[in-house]
2 protein chains.
Amino acid sequence: MFESAELGHAISPATYARAVPKLREALLDAQYDLFQDGRFPVMILIAGIDGAGKGETVNLLNEWMDPRHINVAAFGESSDEERERPPMWRYWRELPPRGRIGIFFGHWYTDPILDRVHRKSRQPELIQSIEEIVRFEKMLADEGALLLKFWFHLTKDKQKKRLKALEKDPQTRWRVTKTEWRHFRLYDRIRKVAGLALRHTGSAAAPWFVVEGQDACYRNLTVGRTLLAAMRERLDQKPAKPAADRIPPIPPPIDNRHILGALDLGLKLTRRQYTEQRALYQGRIYKLSRHPRFRERSAVLVFEGNDAAGKGGAIRRVAAALDARYYRTIPVAAPTEEERAQPYLWRFWRHLPRLGRFVLFDRSWYGRVLVERVEGFAGEFDWTRAYSEINDFEQQLADKGAIVVKFWLAISKDEQYRRFRERQKTAFKRFKITPEDWRNRKKWEAYEQAVCDMVDRTSTAVAPWTLVEANDKRYARIKVLKTICERLESALRLQ
Amino acid sequence: MFESAELGHAISPATYARAVPKLREALLDAQYDLFQDGRFPVMILIAGIDGAGKGETVNLLNEWMDPRHINVAAFGESSDEERERPPMWRYWRELPPRGRIGIFFGHWYTDPILDRVHRKSRQPELIQSIEEIVRFEKMLADEGALLLKFWFHLTKDKQKKRLKALEKDPQTRWRVTKTEWRHFRLYDRIRKVAGLALRHTGSAAAPWFVVEGQDACYRNLTVGRTLLAAMRERLDQKPAKPAADRIPPIPPPIDNRHILGALDLGLKLTRRQYTEQRALYQGRIYKLSRHPRFRERSAVLVFEGNDAAGKGGAIRRVAAALDARYYRTIPVAAPTEEERAQPYLWRFWRHLPRLGRFVLFDRSWYGRVLVERVEGFAGEFDWTRAYSEINDFEQQLADKGAIVVKFWLAISKDEQYRRFRERQKTAFKRFKITPEDWRNRKKWEAYEQAVCDMVDRTSTAVAPWTLVEANDKRYARIKVLKTICERLESALRLQ
């Protein structure tokens, strides 16, 4: 992995001086084309051996290009807001939007590599982290990001010399601290662990570039030209979507039976049953939300369903059981400008709850495989990859202790018609019904297919779907409350 | 303050049932007009006595209107990210954008009132908090927000009855905890302290509405109608700016001397002096940034200056002395869609550093009183009020331990011409010069006037301006580094 970067590469200052002005001009042009075009973000990861020029490269890129269109993200200790969410949350926060360059000085490789170097983790854990990274970077690439990863390298001998030289010069002495020497003593382990990580994560979509760091002229020119070539290639190519990772379509079942058809939509509760059970479950949910064990967990509740299935009513009955300080309802509407410039899941990551909190999503990330699929807002390439991206996302939530509860509220086509008509008649309910609702209704079967595929592909052990028979609102609301109770009790080991 | 809300107001359920459908319809219409029109945000503060219907009102408004266009913000314990910034930061984070309704269940009154009730603060501190709130709410109103503050009230006797009734009913028993009874025992103090706070903060721009909470029908209808009337009035009125709080213009000094003219732009350093001093000050800044006392402080550095005065170069020399994990550079460009829907200062609040960190603003909130004033992008009403809003903002930063250092880099008109020409000749510097720069140059005198006014009005003890003679880049950079050193040393009491 590092052999070619241990040859003692160097170029003369004169060659460098001749090459730089043209390179800077070309980089600036590329940066402006990127900004104008706004088609994709550029993400540059800076990693490597201490003293090999990581910090210098960050400064260089800011000097060579227009720093107003560059985000530099560096990461110190995690804040509690960060620690209470999945580890990737802090990186999602810092993703550059399309049209901009993000430099990650510190990134998703830092902890897995250092934990393994310091023997805080074992090999299988490192391998698992690597697999998660591969999937994350594939998602970024699929979303269109240009991802370039630089590893700055030095031989052990050269690192020692470099640190000594920095220490000797009174002007740079302050740059060498105990941390640098501690890392030096771990050189061999770092080289070995990093080598493994780099080998497993250097895909065509997210390549590693190993750059020898000893000679600044060589290093700078190599980085500049690598970046330029990659940007130019992407900018000059036609904006073509990569070919779909096509999931073979699930054929409709030949006996025409599906999970939605199997629901008994005749299930009902009397008003009295409803009132009693509602109070019972709301009380239990309230107590669970205050349970000491819940302080180390969180709850992510997802409400999907047919139009007019009663999502809003169900959500309000859940919310009524919670302390307003500890829950938040997120109605999922059209994305904002900032959200449109980011990967699809970004606008959901930003709303993840801290520990001890609830978040209730009124519609969710499943829009991609429901309305966006059926209406053609997302291409096949995008909605088919969404299943595994969503599963990864929910797995990360669960790993951090989130209790993920997902509801599909199902009503019959007739019941929907009845509710649409009723909404039109009642003045203050009219806002709930739009021409779009009538249009969607015409695609009832396509939506049914999409729901069945969604449940099949995303109902997992950590985040199962609950189908709710919702023709009777009372029955539906109680089933929602009861399911939340049971999932919380089971997760908190109270059953 | 509370007398009218202790009369035992009530209406009959039949009257209520007749009134509600029309009210809901009208509220929904108003909400949609607000959303379509996107001209201003509505902020509803919910405060009052426990048991008087605060939570119920939040639920009611979400049920009566379309909850997808309502943000409910409730506040539990502060996170460390919140505690490390000025107390108002968490509220700024939750401001609703124009076109939406934000319900604040918990808000900037909560802590000042409760601290005083629990005798954690004294009367003068409460008064000071109240003054800060008045200025904050004035800013919101000036930015166009419609701010309605509801205090839900009960007599002591009625509160007791209400809590007992809730406790007796097995379906609501869980809603009454020790906190509610503790607040009940403090009833008299709460009434007294809140009465004072309400009296001092009920301006025309941000009125209080005291609502008796005992009878739900009366309470709901009162809130609904108050909200409707206020929204309707604002929606139907022509979008007229309020008359300017006109600051009398400072006339140009009759002897034509001003602070910029008094600068000695001939000041210079040799290359050797520069190299030595740069290393010296960078080393000192690095050590200061690692000083244990700095962990309880933060640094907010503001760089303003003439076009081509060398802001970027100075910023890079400061950044080179800092650990990338603990500083961030914020280039101030055109606001995003999310930012445009918020008060002017919102986009700067979102970038405030945590404790122990630096943030470097490449241009800043002073744009409002510089380019926006001179080019007419901001009306007189807006840029004149900006001075005091900015002073309030910086005071809040300083109160939280931020060391605010502000630089104006000044060059002569001739030197600017020389630099513009040089930039045009050097290919990779061409991006730094635009037709706009040449246009701005024609308004040199107007900018000079704006800079002098800005310095006069916003150079405060906690956030003084430093004027930097920048015709010689070396001199300017050293003055910047040296000033930062000295400000840090003095703030950390190391001098």
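## A strand and its partners

In this predicted model, strand β4 of chain B pairs with strand β5 (residues 208-212) of chain B in the parallel sense, and five bridges join β4(B) to β5(B). Within this pairing, B:Trp151 stands opposite B:Val210 in β5(B). Strand β1 (residues 42-48) of chain B is also paired with β4(B), again in the parallel sense, over seven bridges, and here B:Ile44 is found opposite B:Leu148 of β4(B).

| Strand paired with β4(B) | Sense | Bridges |
|---|---|---|
| β5(B), residues 208-212 | parallel | five bridges |
| β1(B), residues 42-48 | parallel | seven bridges |

Strand β4(B) covers residues 146-153, and because eight of its eight residues are buried, the strand is largely enclosed by the rest of the structure. Both of its faces are covered, with B:Leu146, B:Leu148, B:Phe150 and B:Phe152 buried on one side and B:Leu147, B:Lys149, B:Trp151 and B:His153 buried on the other.

## Two helices in chain A

In chain A, the axes of helix α11 (residues 271-289) and helix α20 (residues 473-491) come within 9 Å of each other and cross at roughly 30°. Because angles under 35 degrees count as roughly parallel, α11(A) is roughly parallel to α20(A). The crossing of α11(A) with α20(A) is left-handed. Among the residues that make the contact are A:Tyr274, A:Tyr281 and A:Leu288 of α11(A), together with A:Ile478, A:Leu481 and A:Cys485 of α20(A). Sorted by class, this contact of α11(A) with α20(A) has nine nonpolar, two polar and six charged residues.

Key. Residues are numbered from 1 along each chain as its sequence is written. Chains are lettered from A and ligands numbered from 1 in the order in which they are written. This is a predicted model: local features need pLDDT of at least 70, side-chain atom pairs count only at pLDDT 80 or more; totals for chains, interfaces and linings use all residues. Axes are lines fitted to C-alpha atoms, for helices over the stretch in contact, and angles run from 0 to 180 degrees between N-to-C directions. Helices (H or I, at least four residues) and strands (E, at least two) are DSSP runs, numbered from the N terminus. Angles under 35 degrees count as roughly parallel, over 145 as roughly antiparallel, 65 to 115 as roughly perpendicular and the rest as oblique. A crossing is left-handed if the near helix is turned anticlockwise from the far one by less than a right angle, and right-handed if clockwise. Two residues are in contact if their C-beta atoms, placed from the backbone, lie within 7 Å. Ala, Val, Leu, Ile, Met, Phe, Trp, Tyr, Cys and Pro count as nonpolar, Asp, Glu, Lys and Arg as charged, and the others, Gly among them, as polar. A residue is buried if 20 or more other C-beta atoms lie within 10 Å of its own, exposed if 12 or fewer, and partly exposed in between; C-beta atoms are placed from the backbone. Two strands pair if DSSP finds at least two bridges between them.
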